[in-house]
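This briefing is meant to be read with the structure open beside it. Please keep the sequence at hand as well, and look up each residue as it comes up.

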Amino acid sequence: MEQKKDHPKNSPIKRREFFKLCGSVVAGGTILAVADGMARKVEGTEASLFWQIDPNVCTQCGRCETHCVLPVSAVKCIHANKVCGYCDLCGGYYRTNVKELNTAAENMMCPTGAILRKFVEDPYFEYTIDEDLCNGCGKCVKGCSSFGNGSLYLQIKQDLCLNCNECQISTVCASGAITRVTYATAYKLKG
């Protein structure tokens with residue numbers, strides 16, 4: 001009797017491979033499976049899971065910048081405006097022990113120039129983050145937390161994240177700050 005070769009389309013798929021092929025893995029047994037460009041819902045409750053950084057647990061180790069599978073990390077600095085003191089001497093903007101408060105590169109905390117500063121009134125400044133320039137290194141977050149009220153924090157931007165089933169950053173996160181959460185609890189904000 002001649003044995004039939006399994007065609008790749010008809011061969012059984014392993015569980016891990018199945019989850020990698022899925023459009024998104026969701027809690028409560030609901031899976032949105034994508035096959036041949038068609039999406040279908042598998043029975044269960046609907047609550048998508050997302051990778052998220054808990055800002056209260058994050059230690060700004062720098063691994064978010066270097067371990068994301070994307071060329072530029074999906075982790076970005078977020079500014080909690082309600083918590084910010086709008087300080088002239090911002091610990092997230094300036095390096096420590098600067099000789100002059102000017103915007104020379106050697107005085108800046110951010111290596112990519114992603115933090116923008118706009119004068120409001122003496123002595124207050126408004127700080128915004130240019131997400132296109134931010135690489136998720138966390139240097140500004142560490143500086144803000146050390147010398148300020150901690151209005152800067154890191155978060156995974158869902159519009160950039162591939163939502164990998166096995167997030168590379170979460171596997172190397174020493175503090176365990178990166179976890180999967182449901183859509184209803186996504187984006188823990190600071191302040």
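A nonpolar core is a set of buried Ala, Val, Leu, Ile, Met, Phe, Trp, Tyr and Cys residues that are joined through side-chain atoms within 4.5 Å. The model shown here is a predicted one, and the largest nonpolar core in it has 33 residues.

**The chain as a whole**

- The secondary structure of the chain consists of 4 helices and 9 strands, and along the sequence these elements follow the pattern α-β-β-β-β-α-β-β-β-α-β-α-β.
- The chain has 191 residues, of which 36% count as buried.
- Taking the contacts between residues at least 6 apart in sequence, 63% of them join residues that are at least 24 apart.

**The largest nonpolar core**

- Within this core of 33 residues, those that touch the most other members are Ile53, Cys77, Ile115, Leu152, Ile156 and Ile178.
- Two or more residues of the core come from each of the strands E4 (49–53), E5 (75–79), E7 (124–129) and E8 (152–156), and also from helix H3 (139–147).
- Which residues does Ile115 touch, not counting those up to four places away in sequence? Ile115 touches Gly92, Tyr93, Cys110, Tyr127, Thr128, Ile129, Cys140 and Leu152.

**Strands E6 and E7**

- Strands E6 and E7 run antiparallel and are joined by 6 bridges, while a hairpin connects E6 to E7 through 2 residues.
- Strand E7 has a covered face, made up of Phe125, Tyr127 and Ile129, and an uncovered face, made up of Tyr124, Glu126 and Thr128.

**Aromatic rings**

- The structure holds 3 aromatic pairs.
- The ring centres of Tyr93 and Tyr127 are 5.5 Å apart and their planes stand at 55 degrees, so this pair is described as tilted.
- This pair links distant parts of the chain, since Tyr93 is in the loop between E5 and strand E6 (115–121), whereas Tyr127 is in strand E7, 34 residues apart.
- Both Tyr93 and Tyr127 are buried.
- Why is the pair of Phe119 and Phe125 edge-to-face? Their ring centres are 5.4 Å apart and their planes are at 70 degrees, so the pair counts as edge-to-face, because planes over 60 degrees apart fall into that class.
- Ring pairs also link Tyr93, Tyr94 and Tyr127 into a cluster.
- Phe125 is buried, with a relative accessible area of 14%, and Arg117 lies over the face of Phe125, at 3.4 Å from the ring centre.

**Leu162, a residue on the outside**

- Is Leu162 buried or exposed? Leu162 has a relative accessible area of 57% and is therefore exposed, because the term applies to values over 50%.
- Leu162 is found in the loop between E8 and helix H4 (168–172).
- Leu162 touches Val69 and Leu70, if residues up to four places away in sequence are not counted.
- Leu162 and Cys68 are 94 residues apart in sequence, and in space they are 9.9 Å apart from C-alpha to C-alpha.

How values were computed: Residues numbered from 1 in each chain as written. Predicted model: local features only at pLDDT ≥ 70, side-chain atom pairs only at ≥ 80, totals over all residues. Heavy atoms only, no water. Buried < 20%, exposed > 50% of the residue type's maximum accessible area, 1.4 Å probe, protein only. Contact = heavy atoms within 4.5 Å. Phe/Tyr/Trp six-rings, centres within 6.5 Å; stacked < 30°, edge-to-face > 60°. Lys NZ or Arg CZ within 6 Å of the ring centre and 35° of its normal. Pairing = 2+ DSSP bridges.
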